[in-house]
Amino acid sequence: MDTKRTTFNNRLLPYLLLAPQLIITLVFFIWPAAQAFKSSVEREDPFGFSTVFVGLDHYRRLLTDPNYLDALWRTGIFAVAVTVLSMGLGLAFAAAVDRVTRSSRIYTTFLVWPYAVAPVIAGVLWWFLFNSSTGILPFYLSKFGIRWDHDLNGTHAMILIIIAAAWKQISYNFLFFLAGLQSVPHALMEAAAIDGSGPVKRFFTIALPLLSPTTFFLFIINVNYAMFDTFPIIDATTTGGPAQSTTTLVYKVYQDGFVGLNLGSSSAQSVLLMLIVMVLTFVQFRYVERRVQY
Amino acid sequence: MASIDVEHVSKIYTGGVRAVTDVNLTIADGQFIVLVGPSGCGKSTLLRMIAGLETISEGQVKIGDRVVNKIEPAERDIAMVFQNYALYPHMTVRQNLEYGLKNRKTPKAEIDARVNEAARMLEIGQYLDRKPRALSGGQRQRVAMGRAIVRKPAVFLFDEPLSNLDAKLRVSMRGEIKRLQRRLGTTSIYVTHDQLEAMTLADKLVVLNGGRIEQIGAPLEVYHAPASTFVASFIGSPAMNLVKGELHGDKLAIGPAMIDLQGYTPASGTVTVGVRAEDLRIARADEESLPFRLDYAEELGAQRLIHGLVGDQPITAAVSPEMELLPEMRIAVDIRRLHFFSFETGKRIPGHVPAEAKLAPPEPVL
C-alpha cells in the first residue's frame, strides 16, 4: 500500500478534523445502542414510574418464545427470497443491457427508476396491483384457479411483501452488476470466444466468476436490506399480518415496543438484531478477503 | 496448417469511417507475416477481421479453402495472443491452457498430454497451479502463447504481444516466438508498430498506412527498396534521410551541393531523394561530397549518429565513433545507394545507377 501519509504539526488538529463524524457516530449510533442495551436488561412498568433490573430475563424469554422464533425463521425465508429474486433479476437485466450496444443508456435509466420510489409507495403500488377486489393481478390469477387474498392468506401476504421488497432492490443490483460486467475486459471475452466458448458459456465461466466480488458485496447488502430496511414496505401493505404471518424481526421490534409498549423485550430484540448485523458484517469481511479475490 | 487469402477486404465502420481499404494479401502455409504500421493504420483491425472479432465489410477472407467471413471465431481454427495477454484471472495456468480444449470436448488424456507438452516447451511447468496474477509479465506472455499452442490451430494471430514487456525481455521473447513458430511450422500473422520487431520476425513484411497496404516484401527487400517515402521513413532506425533534390539530366542538386549520377537519369525536375544513414560517410578530401553542418551527435557504441544540415535540410549519418567531429564537415554518398521518390506522390521511382558506374574507392576499414 502506498497511501500518502500526512503529518500534522498540531497534535490536536487531526482529532478536531475527525470530530464532526465522531460526534455524529457517538450521538446517533453508539449512545442509542447503549441505551437499547441498558433497557434490555430492565423492566419498566407501563407508566414509567419504576424500573427494575432483570438481567438477561428478556433474552431468555425471547429465545424460548415460539412467536419470536417464528419471526426469526420467517425473516430468514423473507431475506433469502428477496435476495435471490432481486439479485437474479438484477443480474439478468444487467446481462441483457450489457449485450445491447445501442440505447443501453435508456434501458439503464428506466431500470434504475424504481430505486427512486419511496418504499412506502412501492409497497402501496404492489398492494394495489394485488388487491383482492380491485387489483389486476388477482383477476388474472383467478383464471388459473388461484383465489388471491393477502388479507386472509399468510402465504399470499408473504409473497406480496417479497415481491414489493425485491422489486425496489432490483435497480440497485442491476446498476452494480452492469458496472461489474462492463469492467470485465473485452479481450477476455474475445479470447474465450476464440477458445470455442459460446455466449452463454462465456457468461457463466468468465463473466460470472469475475463478478464474484460484486456478487458477494450485493449478497450482504441485500440480506441486510431485506432484514432491516423493509419495515416501511411491510407497514404500508400488511402491517405484519395476517396473524403475524409477515411479522419480521424488525417489524416485531416496532410492534412490541411502540405498539405493545413492552420496552424491555423490544430493546432486547434490537440488541439481538445488532448482533446479527455484526456477525453478517464480520463474515463479509473475512470472506471477501479470503475467497472472492482472484 | 493452412494458407490465408485476403481478397479486397475493407472495413467500414458505421458513420463511414474506413479503417481498412481494399487489402489483398496471400499468406502461404507456414509463413510468418508481420503487419506493421503506425497506430491507427488498420493493422489490428485487419487482424481482428481475420480472427472473426470484427465483421468484414467488403471482400473475403479464406483460411485454407474455406471462406470464413460468416464463420464464428471458434470455428476458424485459429488461436490468438493478445496484447494484454487476456489470461482468465480466476483460473490457474493449467485451467487457462485447458479451457479451449475442454470447450472442444477433447479427451482428458489428450488435454493432459498437450498441456504438459506446451508447458515443457515454454518452461512454465512449475507455474501450472498458479493464478496469472502471481506471474511476471514474461511468464504471463508464455502462458498466453501456451494457450495458443495447445489448441494446435492452423493459424496463430499475434496482436502486439510484446508491447507490454520491458525492452530486454522483448528481445528474448521475440527470439522465442520466432523459434517456436519455426518449430511448429504454423502459419502466423503478427501485428506490431515496432519496425525492429517486424524486421526481425517476418518472413514477409506488410507495411500498412492509413488502412492501405504500402508495400509487401521480405524484410530486406522492403529495407533496401522501399516502395514509398512512407515506408522509407518507417522501416529502419534511424529513419531514412529524405531530402528534396533537383535533377538536371544526370546531375542531382541537393541544396548547395551537386552530385554526378554518372549517366543515370531516373527522372527530371524536383524529386525526393532518400539515403540511409549508414550509406553516408565522412568524405576524404579528394572526393565529391556534400557540405554538412553538425548539430549534435548520438553515441550508440558501435556507431555514432551525427545529426546536422545539408543546405537547410536535416540529415543523419551513421559514422564510426573514431572519426573526429568538426562543426563543418563534408560527407560523401555511394550513389548506388540513393533512392528516388516522386516528389508529388511519394512513390518510388524504379531503376538503379548502373553497376559499372565509376565510384570512389570505399572507405578504408578502420
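Me: What does UniProt list for residues 72–284 of chain A?
Reply: The unreviewed entry gives "domain: ABC transmembrane type-1" for that stretch. The model here is predicted.

Me: What is the helix and strand content over residues 72–284 of chain A?
Reply: The chain is 77% helix and 0% strand there. The end C-alpha atoms lie 21 Å apart.

Me: How do you know that the 15 residues of α3 in chain B span what a helix should?
Reply: The expected span is 1.5 Å times one less than the number of residues. For α3(B), residues 108–122, that gives 21 Å. Its end C-alpha atoms are 21 Å apart, so the two agree.

Me: What makes β15 and β18 of chain B edge strands?
Reply: The sheet is open, with the order β15-β19-β16-β17-β18 and antiparallel pairing. β15 (280–282) and β18 (313–319) each have a single partner strand, so one side of each lacks a neighbour in the sheet. The twist averages 45° from one strand to the next.

Me: How do you know that β15(B) pairs with β19(B)?
Reply: Pairing needs at least two bridges. Here 3 bridges join β15(B) to β19 (residues 328–333), so they count as paired, and they run antiparallel. B:L280 has B:V333 as its bridge partner.

Methods. Residues numbered from 1 in each chain as written. Chains lettered and ligands numbered in written order. Predicted model: local features only at pLDDT ≥ 70, side-chain atom pairs only at ≥ 80, totals over all residues. UniProt positions renumbered as here; feature names shortened; annotations may be inferred. Helix = DSSP H or I, 4+ residues; strand = E, 2+ residues; numbered from the N terminus. Axes fitted to C-alpha atoms, helices over the stretch in contact; angles between N-to-C directions.
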